[in-house]
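Hi,

Here is the structure I promised to pass on. Have a look at it first, and then read my notes below.

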Amino acid sequence: MTTTQYNQCVDAHSDSVYRFILHNIKNSDDAQDIVQDSFEKLWMHKDTVNFEKVKSYLFTTAYHTMISKIRRDKKQTDFNEVDFSNHIHNKQYSDLKNILNEALDRLPEIQRTVILLRDYEGYDYREIGEITTLTESQVKVYIYRGRQTLKEYLGSVAALI
């Protein structure tokens, strides 16, 4: 991959990789760091990465970097830094986007990831499998189960509104 091709990749894919990571971790600074790390890894492996498969490489790298960060942060949480305002429940919903994000947050991490890759980013099942290191049938099962959970939750929210 040439420098020009690398720059094209940055222009073409940085926003979508950032959106994908931000939907999963909900922290813009951490999402920017993960995207930066992913592009740095791409630069370090530019001689071995095929230009046609760079989007898949970036999403796979970003996904694995995100998982590593989540695991690392989970071990380092200090009780004094807990924000108790996150535990306050507000029963008034004023925005559909908030309702959808809350529904996505209720999903297990793997279901949320595959649904975001499929429905937000438009990947097919095979590509999602490559990114998440799952088989195509596992991807289909996780998407189905996640959509069922979303359907049940959003149906109950609609009854409350």
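A word on terms before the notes: I call it a contact when heavy atoms are within 4.5 Å. Helices (H or I, at least four residues) and strands (E, at least two) are DSSP runs, numbered from the N terminus. Bear in mind that this is a predicted model, where local features need pLDDT of at least 70, side-chain atom pairs count only at pLDDT 80 or more, and totals for chains, interfaces and linings use all residues. Residues are numbered from 1 along each chain as its sequence is written, and side-chain values use heavy atoms, with hydrogens and water left out.

Now the overall picture. The chain has seven helices and zero strands, so in order from the N terminus its elements read α-α-α-α-α-α-α. Of its 161 residues, 35% are buried (under 20% relative accessible area; exposed is over 50%, and partly exposed is in between, with a 1.4 Å probe and protein chains only). Among contacts with a separation of 6 or more, 66% are between residues 24 or more positions apart.

Next, H1 and H3. Their axes come within 10 Å and cross at roughly 30° (axes are lines fitted to C-alpha atoms, for helices over the stretch in contact, and angles run from 0 to 180 degrees between N-to-C directions).

Then the aromatic rings. Rings of Phe, Tyr and Trp (its six-membered ring) pair if their centres lie within 6.5 Å; planes under 30 degrees apart count as stacked, over 60 as edge-to-face and the rest as tilted. By this rule there are four aromatic pairs. One of them joins tyrosine 6 and tryptophan 43, edge-to-face, at 4.9 Å centre to centre and 70° between the planes. Tyrosine 6 is in helix H1 (residues 3-25) and tryptophan 43 in helix H2 (residues 28-44), so this pair ties together parts 37 residues apart in sequence. Tyrosine 6 is buried at 13% relative accessible area, while tryptophan 43 is partly exposed at 37%. Phenylalanine 59 and tyrosine 123 are also edge-to-face, because their ring centres are 4.9 Å apart and their planes at 75°. Phenylalanine 59 lies in helix H3 (residues 54-75) and tyrosine 123 in the loop between helix H5 (109-120) and helix H6 (125-132), 64 residues apart. Both phenylalanine 59 and tyrosine 123 are buried. Ring pairs also link Tyr6, Phe39 and Trp43 into a cluster.

Lysine 46 lies over the face of tryptophan 43, 4.6 Å from the ring centre, and the charged end of lysine 55 sits over the ring of tyrosine 123, 5.1 Å from its centre.

Finally, a backbone detail. Lysine 26 is not a glycine, yet has a positive phi of about 60°; it is in the loop between H1 and H2.

Cheers

Conventions
Lys NZ or Arg CZ within 6 Å of the ring centre and 35° of its normal.
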